[in-house]
Amino acid sequence: MKLYEFIAPCHFGLEAVLKREINDLGYEISKVEDGKVTFLGDEEACAYANMFLRTTERILWKVGEFKAETFDELFENTKALPWEEFIPKDGKFWVAKANSVKSKLFSPSDIQSIMKKAIVDRLKTKYKTDWFEESGESYPIRVAILKDVVTIGLDTTGVSLHKRGYRKHTVKAPITETLAAALLMLTPWKGDRILVDPFCGSGTFAIEAAMMAADMAPGIKRDFLSEAWTNIIPAKCWSDAREEANDRLDLDIKTDIQGYDIDPEVVSMARENAKLAGVEKLIHLQQRDVAQLSHPGKYGFIITNPPYGERLVTDELADIYKTLGERFARLDTWSMYLITSYGDAQKYIGRTADKNRKIYNGMMKTYFYQYLGPKPPKRTQQ
């Protein structure tokens, strides 16, 4: 069995969560860096990673890595890679994205152009042709250059993995599905515990939680670009991954997952998203102000993405966080986790967080404040 390297990008600060996910799938981690985890696997790993990983944006099949300080070095080293092992004679290929940090080569358009020429040169020799129709399947290439080290991968995913296929409706400043899943995994919450999101917006936290509770694979309702790469990934790899995803799915479980929002139109959007995800029966969504936050149960979780940034003026933000803190204080056995960039969040909540984790939501620096409640008593075995 031949092993390849696959690169899984993620939000900065959440590499440990993704690493745990990959380990749980049974694959060996080869490298962990800021914003990405590299792991080893065979062709099947490509299918399973795309289907089951909740916290990565895409899966890149690593073609090669080398140092390049000049465009000549970039050309020659790119040309030296075994592109014919990946791209068939009729394959459509292009450098879809190039980024460069702290490197001598920094022009994305020049990097893309030179690498394309190098790949064409290589394949001309291997396929003994001067012309490529590129009429077949798509093989987009992504390159990242960090401190003059060039890392090249084929994008096996296509549309980003945070596009689960359910979020047709969004609100302002939504949290992505992959980030919501990662934040949920940073908490001790499990599917049999209470979860309330009092600022549910488009319903992402609640929907991702319900999918986890039902063991619903995040990729179960979508397609992936590399499903068409039958030259390197046997169709059986994908059918096996889908079969396992369907076998694991359990929508008959009992859950207590709730989402509130003050805007009735937003709640309607969230309900529609939950229906598209197939988890509407596992979630209770309703119009409700944070001032009405309450629950009769014990040892529950508030996990939320409250308003922050430029959407509201300072006084409004202060009132929202103050009210949230007051309602949380009444739930004396509960835990609360919230992501925000609002600098005075702890001040108005009225309590310093037990833990505070820095996370980049896109280019925005945010904090994941963690207020830890007591652990529930262990259940006595009958």
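**Close-up views of a predicted model**

**View 1. Arg288 is placed over the ring of Tyr260.** In this predicted model, Arg288 lies over the face of Tyr260, at 4.4 Å from the ring centre. A charge counts as sitting over a ring if NZ of Lys or CZ of Arg is within 6 Å of the ring centre and within 35 degrees of the ring normal.

**View 2. Lys116 is placed over the ring of Phe93.**

**View 3. Phe12 and Tyr360 form an edge-to-face pair.** A search of the whole structure finds 16 aromatic pairs. In one of them, the ring centres of Phe12 and Tyr360 are 6.4 Å apart and the ring planes meet at 80°, so the pair is classed as edge-to-face. The two residues come from distant parts of the chain, 348 residues apart. Phe12 belongs to the loop between strand 1 (4-9) and helix 1 (15-25), whereas Tyr360 belongs to strand 13 (residues 355-361). Phe12 is partly exposed, with a relative accessible area of 43%. Tyr360 is also partly exposed, at 31% relative accessibility.

**View 4. Tyr27 and Phe39 form a tilted pair.** The centres of these two rings lie 5.9 Å apart, with 35° between the planes. Tyr27 is found in the loop between helix 1 and strand 2 (28-33), and Phe39 in strand 3 (residues 36-41), so the pair ties together parts that are 12 residues apart in sequence. Are these residues buried or exposed? Tyr27 is buried, with a relative accessible area of 13%, and Phe39 is buried as well, at 0% relative accessibility.

**View 5. Tyr27 and Phe39 belong to one aromatic cluster.**

**View 6. Strand 8 is covered on both faces.** Strand 8 comprises residues 194-197. Ile194 and Val196 point to one side, Leu195 and Asp197 to the other, and all of these residues are buried.

**View 7. Strand 8 pairs with strand 9 and with strand 11.** Strand 8 and strand 9 (residues 256-261) pair in the parallel sense over four bridges. Within this pairing, Ile194 stands opposite Asp256 of strand 9. Strand 8 also runs parallel to strand 11 (residues 301-304), to which two bridges join it. On that side, Val196 stands opposite Ile302 of strand 11.

Conventions: Residues numbered from 1 in each chain as written. Predicted model: local features only at pLDDT ≥ 70, side-chain atom pairs only at ≥ 80, totals over all residues. Heavy atoms only, no water. Phe/Tyr/Trp six-rings, centres within 6.5 Å; stacked < 30°, edge-to-face > 60°. Buried < 20%, exposed > 50% of the residue type's maximum accessible area, 1.4 Å probe, protein only. Pairing = 2+ DSSP bridges.
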